[in-house]
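The following note sets out some remarks for a colleague. Please read the points alongside the sequence and the structure.

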Amino acid sequence: MRDPEIWEDPNEFHPERFLKEKDDSSSDHDYQNDAKRMEFNFVPFGAGRRGCPGTALAFNLMNTAVAAMVQCFDWKIGEDGKGEKVDMQSGSGMSLGMVHPLICIPVVHFNPYDE
Ligand code: HEM
């Protein structure tokens, strides 16, 4: 999943790598493109007969869900809210579960009804 022969800086968090269009030379990074992803370098929803049937729904909802989480909350790390950094170490397997479960506490910082 983090094969350096397929992904540039595979252990770095570069979400913009998924924005890059095929043959876009405007960036220093040669991030992956849609065509390469179709070659099963990126399979977050599995594939084949048992592939995820919720793929289209997830794609439609994910932007809104993440935007709401970022816009409406600050996030404290750990059960006591005193952690400083999320341990992103990933396990093995198709879907890269986290070795250390992510525990964060949402703190509301924007309430549209507080007017
Ligand atoms: C970001 C969101 C999601 C991710 C990353 C995800 C990922 C996955 C993965 C990796 C599998 C296993 C596929 C395989 O074995 O090849 C799976 C299966 C499945 N997913 Fe999702 N999924 C997501 C959202 C959803 C949603 C929104 C639904 C339903 C509304 C859903 C329903 C299912 C079901 C029912 C299965 C079992 C399919 C089967 O075994 O035949 N998933 N998903």
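**Remarks on the predicted model**

1. With 14 C-beta neighbours inside 10 Å, Cys-52 counts as partly exposed, because the buried class requires 20 or more and the exposed class 12 or fewer. This assignment rests on a predicted model.

2. Cys-52 sits in the loop that joins helix 1 (34-41) to helix 2 (55-72). Leaving aside residues up to four places away in sequence, Cys-52 touches Phe-45 and Gly-46.

3. The UniProt record, an unreviewed entry, carries the annotation "binding site" at Cys-52. In the model, 14 residues surround the ligand. Cys-52 is among the closest of them, together with Gly-46, Arg-50, Gly-54 and Ala-58. By residue class, the shell around the ligand holds nine nonpolar, four polar and one charged residue.

4. Helix 2 comprises 18 residues and spans 25 Å from its first C-alpha to its last, close to the 26 Å expected at 1.5 Å a residue. A kink of about 40° in helix 2 is centred on Leu-61.

5. How many of the 18 residues of helix 2 are buried? The number is zero, so helix 2 lies largely in the open. For the chain as a whole, buried residues make up 0% of the 115 residues.

6. The secondary structure of the chain amounts to two helices and two strands, arranged along the sequence in the pattern α-α-β-β. Among contacts between residues at least 6 apart in sequence, 38% join residues at least 24 apart.

Conventions. Residues are numbered from 1 along each chain as its sequence is written. This is a predicted model: local features need pLDDT of at least 70, side-chain atom pairs count only at pLDDT 80 or more; totals for chains, interfaces and linings use all residues. A residue is near a molecule or strand if its C-beta atom, placed from the backbone, lies within 6 Å of it. Ala, Val, Leu, Ile, Met, Phe, Trp, Tyr, Cys and Pro count as nonpolar, Asp, Glu, Lys and Arg as charged, and the others, Gly among them, as polar. UniProt positions are given in the numbering used here, feature names are shortened, and annotations may be inferred rather than shown by experiment. Helices (H or I, at least four residues) and strands (E, at least two) are DSSP runs, numbered from the N terminus. Two residues are in contact if their C-beta atoms, placed from the backbone, lie within 7 Å. The expected span of a helix is 1.5 Å times one less than its number of residues. The bend at a residue is the angle between axes fitted to the seven residues ending there and the seven starting there.
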